[in-house]
Amino acid sequence: MDPHQYCQEKAVASGSSFYYSFLFLPAERRKAITALYAFCREVDDVVDECTDLAVARTKLAWWRKEVATIFNGAPQHPVARALADVTARFPLREDLLHQVIDGMQMDLEHNRYRDFDALKVYCHRVAGVVGLLSAEIFGYQDNGTLSYAADLGLAFQLTNIIRDVGEDARRDRIYLPLDELQRFGVTEDDILQSRETAGFRALLEFQIGRALSYYRQAFDALPAIDRRSQRAGIIMAAIYQTLLEEIRRDGSHVLTRRTSLTPVRKLWIAWRTWMSG
């Protein structure tokens, strides 16, 4: 299979909100961002699908070597081959791809985060760095756009964490900072046992407020000159902010259900956002 076709099928199969933001890009940029997304999915799947930590570490080590071949060698995996083609057109940095793997490695070593500073390191590696790589593909003229891209990536990851609290708890993972659980009178066992206390609802509202603040911070940093070129990221933000609104409207029952938007609604948001410029 053609490497880019493999990446396209990977993106479509995921059903991710990100896919809808790619649809309106010019062909070369769409192929490039799809290859980057497929890379993120591949290394994330290592962590999510490998129950044996030793096997997962071995696979991530293999991916580190594969990333090196993207820039100096002959990559084997179709996603790496697609990225090798992308790097000939867009200035993606090898060290940033390694940082994404560093973030996935953290999932093998940590299932709790003591405070937001610790969580922020994780979020930057698995999402903020992806924002920086995406900005290179979308194109920019003002370096201030990089601050926007990193903060937007962090906002996306905070949204994912909020949406997936219950799902992560069933894997014995709690990404909500432990000191904030304590502040709101929530125990780890409350989350692991899906107890939706008044304290938990207040905790989740605090998390939603912080995520929204990072969206605002990101857009405040986006230079006007680059708004048009970064529209794909703006589409992602529109979809994800709508998801946060839906979680609130649904009663924030994230311990027992996973709120999502329909494909038609995502496509409508994407089209509306793209047309608004």
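In which hand does α12 pass α13? The crossing of α12 past α13 is left-handed, a label given when the near helix is turned anticlockwise from the far one by less than a right angle, with right-handed used if clockwise. The model is predicted, with local features requiring pLDDT of at least 70, side-chain atom pairs counted only at pLDDT 80 or more, and totals for chains, interfaces and linings using all residues. Residues are numbered from 1 along each chain as its sequence is written, and side-chain values use heavy atoms, with hydrogens and water left out.

Helices are DSSP runs (H or I, at least four residues), as are strands (E, at least two), and both are numbered from the N terminus. Helix α13 covers residues 231-249. Its 19 residues reach 27 Å from the first C-alpha to the last, close to the 27 Å expected at 1.5 Å a residue; the expected span is 1.5 Å times one less than the number of residues. Of the 19 residues of α13, 14 are buried, so the helix is largely enclosed by the rest of the structure. Here buried means under 20% relative accessible area, exposed over 50%, and partly exposed in between (1.4 Å probe, protein chains only).

Two packed helices are described by the angle between their axes and the distance between the axes. Axes are lines fitted to C-alpha atoms, for helices over the stretch in contact, and angles run from 0 to 180 degrees between N-to-C directions. Helix α12 (residues 198-221) and α13 have axes that come within 11 Å and cross at roughly 160°. That angle makes α12 roughly antiparallel to α13; the classes are roughly parallel under 35 degrees, roughly antiparallel over 145, roughly perpendicular from 65 to 115, and oblique for the rest. On the α12 side, the contact (heavy atoms within 4.5 Å) involves Glu-205, Ile-208, Ala-211, Leu-212, Tyr-215 and Phe-219. These meet Ile-234, Ala-237, Tyr-240, Gln-241, Leu-244, Ile-247 and Arg-248 of α13.

Helix α12 also packs on α8 (residues 144-163), at an angle of about 160° and with the axes 8 Å apart. The two helices are therefore roughly antiparallel to each other, and the crossing of α8 and α12 is left-handed. Residues of α8 that make this contact include Tyr-148, Leu-152, Ala-155, Phe-156 and Thr-159, while those of α12 include Leu-204, Ile-208, Ala-211, Tyr-215 and Phe-219.

Attention now turns to the backbone. Most residues other than glycine have a negative phi, and most peptide bonds are trans. Just after α13, Gly-251 takes a positive phi of about 95°. Ser-252, although not a glycine, has a positive phi of about 55°. Ser-252 sits in the loop between α13 and α14 (263-276) and counts as buried at 10% relative accessibility. Asp-172 is another residue other than glycine with a positive phi, near 60°. Asp-172 is found in the loop between α9 (165-169) and α10 (178-183) and is partly exposed, at 36% relative accessibility.

The loop between α9 and α10 also holds Ile-174, which is buried at 3% relative accessibility. Leaving aside neighbours within four places in sequence, Ile-174 is in contact with Asn-111, Arg-112, Tyr-113, Glu-188, Ile-191 and Leu-192. Ile-174 and Ile-70, 104 residues apart in sequence, lie 34 Å apart in space, C-alpha to C-alpha. In helix α11 (residues 188-192), Asp-190 counts as buried at 9% relative accessibility. With neighbours within four places again set aside, Asp-190 is in contact with Gly-185, Arg-195 and Thr-197.

Arg-64 belongs to helix α4 (residues 53-71) and is partly exposed, with a relative accessible area of 24%. Not counting residues up to four places away in sequence, Arg-64 touches His-98, Ile-101, Asp-102 and Gln-105.

Finally, the cysteines. The structure holds 0 disulfides, a disulfide being a pair of cysteine sulfur atoms within 2.5 Å. For Cys-40, the nearest cysteine sulfur is that of Cys-7, 11 Å away. Cys-40 is buried, with a relative accessible area of 12%. For Cys-123, the nearest cysteine sulfur is that of Cys-40, 14 Å away, and Cys-123 is buried with a relative accessible area of 0%.
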